[in-house]
Amino acid sequence: MDDRVAGALSLPDDWPAHPDLSLALNRMGSFDWDLDSGLMHMDQPALDVFDLSAEEYDDRPETLAMRVPADEAMRLDAMVSQALKSGRANYGAYFRIQRSDGTLRWTHTQGFVRRDASGRPQRIIGIVRDATQELADSTARRELDEERQRRTSLVEGTTAALAHARTVRDVIEVLKNSEGMALLGATSLVMGLIEAGRIHLVADGPEGAFVPGTRYTRTDEQYPMSEVVRTLTPRFIESAEDFADSYPVLWPHISHLGIRSAAYLPLIAQARPIGALGLLYSDKGGFTADERNLLVALGSSIAQSLQRAMLYEQEHDLAEGLQQAMLPRRIPDVPGAQIAVRYRSARLGRDIGGDWYDVIPLPGGRVGAVIGDVQGHDTHAAAVMGQLRIVLRAYAAEGHSPATVMARASVFLHELDTDRFATCTYAEADLTTGVVQLVRAGHVDPVVRDADGGCRKVPVEGGLPLGLSAEFGRLEYPVSTVELDPGQTMVLFTDGLVEQPGADLDEGMQLLTSMITNGPQDLQELANRLCESVDERGGEDDVAVLLLRRKAAHAPQPGGRLQQHVAQNDPEALSSARHMIRAAVRAWGARDRADEVELAADELTTNALMHTDGGAIVTIRVLTGPERRLRVDVEDRSSALPRRRDAGESGVSGRGLMLVDQLADAWGVESRGTGKCVWCEFVIPPRD
């Protein structure tokens, strides 16, 4: 052992104790366990019993776990703990170890507890020896084996079955099924839980056992469950006569069930009763002391499982109510669109998570669609989700560009008192033109379904998740564009829809696109079907789905347009207008002229902001006719008409209209009642 460690732990001066030579002669090993430091010295004969070398042992009892089976270790720990708590001076036990070659050997240990003047245990000195030969054919070994097997089977079987029970109903089903009843050795069971000072019967026992009027009973009534809850003491009924004499009100109603004995146990958790369990037997005539102890111990285990289940249900109800309150109560009617949403809760954790969706009506016939996922599955995730949803909606409604909405939301989450991050996709759609601007923050790519059923993933250039982008100072969110044709549907979803155990994300996306292609035409039916598929394949994450379909009635029309107001001294609005123009030009099939259109529009907008008192309204639209043209209008409140002028050799201004004249196929000025409109047009290719 490291001398520095020994010094730091202040071991006793006489540690380790030196064993008597006679121990080694009798093939016994010794140990000295200092309880304050937790170190346990073992001499070489003791290490030989455990089939360990001095190099393999570091004076820590945990190292012995590699040689002691788990059930034996639990039994030894319980025995030592009982000896220390009860004030006993010694203890002894037989247990098995597993040697390095896998063989099992019987071992005997005996320990002597040293205490200080106040009775606090400080040290255990004892011996270990190989007892395999001693127990080879003895009655002691057979009895020990049988008792160990019975106890291990009962405790481990019940505990293992209850490990997967999350709700009170799950606990009852585990105990009532044939395997659970066999483990308990009972014919049937009844169970009651305390609610508002009364006992609520939640498990009725065998068919025909329910007694009218006992669904809710008081703790002062003459029923066995009332008695054990009131006294906090188990009640063992050893015969039918005992049952009839002790509970004359109940017995006449159940005497026909053939019950010979029963054990009623108080279910106690954190030192208070939460209910009672009754085990009914038809083939048992009494209970031994060991059986009573075992049932009491099992009652304690069942009570802990029930308490966990009750707390789980309470927290789940709270979290579910919280999340439902955070999600939109209804989806608004959006002219030009059909929208369907669906949320499916997780199957792990608190059955609640941070997935959300939102639909935000925006000015100018536009709509914002949000899908997001806050890290975690608990009430905190749901609370963060609600706050994030509100700020995203607020930033979008203020008219910020999609990239700005996402950046501001990231800063908000970073400054919030939480360590959670969130992934998100924000889509801003103009349903008149079909142009959709997409911003993605660490989220999965959306999918588009064509009117004929074909489906494809839409790659969207993305940034870091919300919260992380602000933390690392990378708030740039690129804007991608896609144009939705009439009848096409955009599918936004969280990763629980495509994640599958043992499969990568690409496989999940392929399965999703196949399901969407072959799914129903009705949007709500499709959303339901997608979530049901997660249940069918055993998905464990929560899922949010949002489907937005552009109606055929909103086909491209002359006058359909995208519009942005740009105020003076608002560089963010100017940047947003540039994003809008770039997105529209690319989506409308004029990518080759994108730089020309953006530069001309920028010159007209800047000119309006510099030479007028108010802001400007920038509008971009496609005109149909003999040839397809893209038109940019910039309106302001000044009646003064712009004019071209020579900037001179060193002038830094005056070239704006000259550039527009060179870039555009046509431009002009129109007087308006409240000002004027400067416009320019570009011939663009016919649409495929």
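The sulfur of Cys677 lies 9.5 Å from the closest cysteine sulfur, that of Cys680, which is too far for a bond. The model is predicted: local features need pLDDT of at least 70, side-chain atom pairs count only at pLDDT 80 or more, and totals for chains, interfaces and linings use all residues. Residues are numbered from 1 along each chain as its sequence is written, and side-chain values use heavy atoms, with hydrogens and water left out.

**Cysteines**

- With a disulfide taken as a pair of cysteine sulfur atoms within 2.5 Å, the count is zero.
- Cys677 is buried, at a relative accessible area of 0%; buried denotes under 20% relative accessible area, exposed over 50%, and partly exposed the range in between (1.4 Å probe, protein chains only).
- Cys424 is likewise buried, with a relative accessible area of 0%.

- Strands (E, at least two residues) and helices (H or I, at least four) are DSSP runs, numbered from the N terminus.
- Strands β6 (residues 188-195) and β7 (residues 198-203) run antiparallel and are joined by five bridges.
- Met191 stands opposite Ala203 in β7.

**Helix α10 and Ile254**

- Ile254 belongs to helix α10 (residues 251-254) and counts as buried at 6% relative accessibility.
- Ile254 and Val211 are 43 residues apart in sequence, with their C-alpha atoms 8.0 Å apart in space.

**Helix α12**

- Helix α12 (residues 379-397) has 19 residues and reaches 27 Å from its first C-alpha to its last, close to the 27 Å expected at 1.5 Å a residue; the expected span is 1.5 Å times one less than the number of residues.
- The buried residues of α12 include Val384, Met385, Leu388, Arg389, Val391, Leu392 and Tyr395.
- In an α-helix there are 3.6 residues a turn, so residues three or four places apart point the same way.
- Just after α12, Gly399 adopts a positive phi of about 95 degrees.

Definitions and conventions:
Two strands pair if DSSP finds at least two bridges between them.
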